[in-house]
Amino acid sequence: MAKKRPQTKAKRPQHTDGARAARADGEIPVVGAREPCPCGSGRRYKACHGRAAAHAATELVHRPFEGLPGECDWVALRELVPAATVELTLKDGLPEGVPSVTLATVLPMAWPALRRDDGSVLLGLQNDTASGDISRDLADTLQRALTADPGTPVQSRRAPADGPRLQDLLDPEGAFEPVVHSGFEFWIPDPEQATADVTASLERANAAAIPTVKLSGVDAAYWCETPEKNHLRWVMPHPEEQLLDALARLHAAGRSSLVEGTRLVGSFRAHGLTVPVWDLPSGMSAEDVEKPAAEFAERLAAALATDAPLTADERRARGGLTNRQVTLS
């Protein structure tokens, strides 16, 4: 029979003055992951207070742009639009020496941000982010760009878990008015001063850009042209379940197309919002789709206001729409 191991009394962790100070004022400083936690628990930081900090940094924020003016356009520019810019308004105004702050879908060399020679700031939207909160990562990049040396790009990093978000930095009453470009020439105010790397990056980006136009008659709807057919991608703010019910009602009634020759083919999920997608004939321009889109918006509003249970045909239509959803984020 195996001998029982003698029981020993666990040693009580010795608390340092620094740990006591940390507990007294309620703040736990950040230390190395393998170092003792400053709270005095005797555990490593990563297994103690560092666990909550890591979770906060990686937890996915379902709707990172919620509460910002133009949330639907933020999603469109993040996921769907190749080349666009928006002038941003800061809550506390522009710092001295920063004449403007501009959001851009993409920047040369995939830079997260750029402080131009004149002090203006370009903030890239479509870059990979280090945490699960795009808004916090972009806010961190923006803050660093505002104080960067003119003429230098800002590199990516993981934003502090307790750092501000875009909602803290941008004016909630500021307009959000995207300007869609045919290419990325807005990168280079003076082409003669561009480096070879930036010029090559511009040529690659222009070659890959899909022609895109923002509709003027409805919010956050973008026409795009592809070799085989054109599409309308429309980012909508309505709750997903309610929107799918409304689209199903219209689809079952044969009223989900925009006009003859168009077809609702499915939807994207992106950053907590739903993006219905229509196939359009290759000859149908953005101008051609303006009136049909406005008329569809009226039909959709009526369908959204209906709360009657779905019929059997509408349930089948809803199932088909659900099966044709693609999640982008």
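## Aromatic pairs and a buried threonine

F296 is buried, with a relative accessible area of 0%; buried here means under 20% relative accessible area, exposed over 50% and partly exposed in between, using a 1.4 Å probe and protein chains only. This is a predicted model, in which local features need pLDDT of at least 70 and side-chain atom pairs count only at pLDDT 80 or more, while totals for chains, interfaces and linings use all residues. Residues are numbered from 1 along each chain as its sequence is written, and side-chain values use heavy atoms, leaving out hydrogens and water.

Let's look at the rings. Those of Phe, Tyr and Trp (its six-membered ring) pair if their centres lie within 6.5 Å; planes under 30 degrees apart are stacked, over 60 edge-to-face, and the rest tilted.

| Pair | Centre to centre | Angle between planes | Type |
|---|---|---|---|
| W234 and W278 | 5.9 Å | 45° | tilted |
| W278 and F296 | 5.1 Å | 75° | edge-to-face |

W234 lies in strand β9 (residues 230-234) and W278 in strand β11 (residues 273-280), so their pair ties together parts 44 residues apart in sequence. Helices (H or I, at least four residues) and strands (E, at least two) are DSSP runs numbered from the N terminus. F296 sits in helix α8 (residues 286-304), 18 residues from W278. W234 and W278 are both buried. Elsewhere, ring pairs join F65, W74 and F176 into a cluster.

Now for T105, found in the loop between β2 (101-104) and β3 (113-115). T105 is buried, at 1% relative accessible area. Beyond neighbours within four places in sequence, its contacts (heavy atoms within 4.5 Å) include L77, V81, G124 and F184.
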